Amino acid sequence: MHPATDNRPRLLLAMGPGIAERLLTDAHRDRLAALTRTDPRLVAHDLADPTPEVAAALAEAELLLTCWGTTPLTADVLARAPRLKGVVHAAGSVKHHITDACWDRGIQVTSAAAANALPVAEYTLAAILFAGKRVLRSAQQYAELRTDQAWLDESTAWGNYRRTVGIIGASRIGRRVIDLLRPFDFEILLYDPYTTDPGPGVTPVPLDELCARSTVVSVHAPQLPATHHMLGAAQLAAMPDGATLVNTARGSLVDETALLPHLRSGRLHAVLDVTDPELPAPDSPLWTLPNVLLTPHVAGSLGNELHRMADRAIEEVARYGRGEPFAEEVRAVDLGRSA
């Protein structure tokens, strides 16, 4: 029981249909009910045209707990939420729903982007290690031949010892990948125009040099006008024969038209969790090329990994309730160069 003078903040869940059921366990809902004055079963799917129940909750809400599919928080929506002071986003980018009207109102914003970065970084590490061992191609050959081969003779160019890995973008994910790579015997290069001190064991280089020197190039830059096709014909041509491109960022960062000839010839390999368009055309060679591992944008949080984002978001709710600043605050000034 809480006292009559209950100072816990009022909170409303706001996200797309079906998301809350995947994001929140019963334990999460119980903790929200303990930390805030909320109905943890009420989820607002449409803040622009809310039901009477949602409209009443929105009018009283001091916090929104959001995730994928949240209605953009326009001036009209915010007019329905006169008491709103903070938005806690239990996912990565807030660009879809945080508008200038939020910043104009002085609303505080936080994101679980750091929690979402971990599974992407783990996927990337696996892709880099598998690329060095030529796991995709050797598995295909083994299944086709179904016999012993002179693998030692065929694998003279394989291996991960003292390979050079190029990381494009010192984003949360890019930095997490670098951390995961440190225990291995890699030379790590970084291209990021905003980072001058990438930490020990990492060498900052221009983009063209990174492409020319790296056995694996992994893309972790944000999708911005300035990064559109940042890996174009010149950069792809500079990559060494047999190198692997890993893209878990956005498909538009790579000029796919320029990439395809290198993949068709077998000169380059690719691990692509994102493409441009997001779903390749039915006749795209990416579906069938033996040197391409194509996955359906699964590097980010899925399944029980969503619970990590919920944990992080609810901890931010707890910090707010204690009168502490958000640990992972998002600022308007940062959005111009972040995902």
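Predicted model: local features only at pLDDT ≥ 70, side-chain atom pairs only at ≥ 80, totals over all residues.
Rolling a probe the size of a water molecule over the atoms shows where empty space is left. Here the count comes to 1 cavity of 30 Å³ or more, and the volume of the largest cavity is about 50 Å³. Its lining is made up of N247, G251, V254, E256, L259, L272, V274, T275 and D276.

Two or more lining residues come from each of α6 (113-132), α7 (135-145) and β11 (269-272). Among the contributors, α6 gives the most, with 5 residues. The lining of this pocket divides into 11 nonpolar, 3 polar and 2 charged residues.

Now follow α6 to its partner, helix α9 (residues 172-181). The two helices pack with their axes 8 Å apart, at an angle of about 50°. An angle between 35 and 65 degrees counts as oblique, so α6 is oblique to α9. Their crossing is right-handed. On the α6 side, the contact is made by A113, A114, A117, L118, V120, A121, E122, T124, L125 and I128, while α9 brings R172, I173, R176, V177, L180 and L181. Taken together, the residues of this contact divide into 12 nonpolar, 1 polar and 3 charged.

Terms used
Residues numbered from 1 in each chain as written. Heavy atoms only, no water. 1 Å grid on protein atoms, 1.4 Å probe; cavity = no way out; pocket = protein on both sides within 12 Å on 5 of 7 lines; lining within 4 Å. Points joined across faces, edges and corners; volume = space filled by probe spheres on them. Helix = DSSP H or I, 4+ residues; strand = E, 2+ residues; numbered from the N terminus. Nonpolar A, V, L, I, M, F, W, Y, C, P; charged D, E, K, R; others polar. Axes fitted to C-alpha atoms, helices over the stretch in contact; angles between N-to-C directions. Parallel < 35°, antiparallel > 145°, perpendicular 65-115°, else oblique. Left-handed = near helix turned anticlockwise from the far one by under 90°. Contact = heavy atoms within 4.5 Å.
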